[in-house]
Amino acid sequence: MSKRITIIFLFLVVVLSFLDLFATWYWLKKGLALEANPLLARQLKSFWGFASLKMGLTITGSLVLARHQENLFAQVGSGLALGVYVAVILWHLFGFYVSSQ
């Protein structure tokens, strides 16, 4: 995988994480989900605390992988992270579809 593809994947990870942030907050506030990440679960009193920590973790991880983009581990990791976030967004979309019926 090229360095450019790794950077594109990581950019998409951050964008999808941002979408996941709002979808997750929606489900949490509706009482239809629980936050599984114990660090994020402690921040549920404040949207801004939750959002800052969630995006901070995602951006920090993405920057670490981008810094080592020539490393095979970083390249594979960026692809895996993107795959996970695509699955998470598809899950949210499925949830929105089911809840609208």
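The place to begin is the crossing of helices α1 and α4, which is left-handed (the near helix is turned anticlockwise from the far one by less than a right angle; clockwise would be right-handed). The model is predicted, so local features need pLDDT of at least 70 and side-chain atom pairs pLDDT 80 or more, while totals for chains, interfaces and linings use all residues. Residues are numbered from 1 along each chain as its sequence is written, and side-chain values use heavy atoms, without hydrogens or water.

**The whole chain**

The chain has four helices and zero strands (DSSP runs: H or I of at least four residues for helices, E of at least two for strands, numbered from the N terminus). Read from the N terminus, the order of elements is α-α-α-α. The C-alpha trace spans about 45 × 30 × 15 Å along its principal axes.

**Select α1 and α4**

Select residues 3–30 for α1 and 72–100 for α4. Their axes come within 9 Å and cross at roughly 30° (lines fitted to C-alpha atoms over the stretch in contact, with angles from 0 to 180 degrees between N-to-C directions). The two helices are therefore roughly parallel to each other (under 35 degrees; over 145 is roughly antiparallel, 65 to 115 roughly perpendicular and the rest oblique). Their contact (heavy atoms within 4.5 Å) comprises 17 nonpolar, nine polar and one charged residues. Here Ala, Val, Leu, Ile, Met, Phe, Trp, Tyr, Cys and Pro count as nonpolar, Asp, Glu, Lys and Arg as charged, and the others, Gly among them, as polar.

Next, select residues 47–67, which form α3. Helix α3 packs against α4 at about 150°, with the axes 9 Å apart, and that makes the pair roughly antiparallel. To see the contact, show Lys-54, Thr-58 and Leu-65 on α3 together with Ala-74, Gly-77, Ser-78 and Tyr-85 on α4. By class, these residues divide into three nonpolar, three polar and one charged.

**Compare α3 with α1**

The contact includes Phe-18, Phe-22 and Trp-25 of α1, and Phe-47, Phe-50 and Met-55 of α3. In total, 16 nonpolar, four polar and two charged residues take part.

**Finish at the largest pocket**

Where does the largest pocket have its centre? The largest pocket has a volume of about 310 Å³, and among its 17 lining residues, Thr-24, Trp-27, Ala-33, Trp-91 and His-92 are the closest to that centre. A pocket is an open set of 1 Å grid points where a 1.4 Å probe fits, with protein on both sides within 12 Å along at least five of seven lines; lining residues have an atom within 4 Å of a point. Points are joined across faces, edges and corners, and the volume is the space filled by probe spheres set on them. Helices α1 and α4 each supply at least two lining residues, and α4 gives the most, with six. Colour the lining by class to find 11 nonpolar, three polar and three charged residues.
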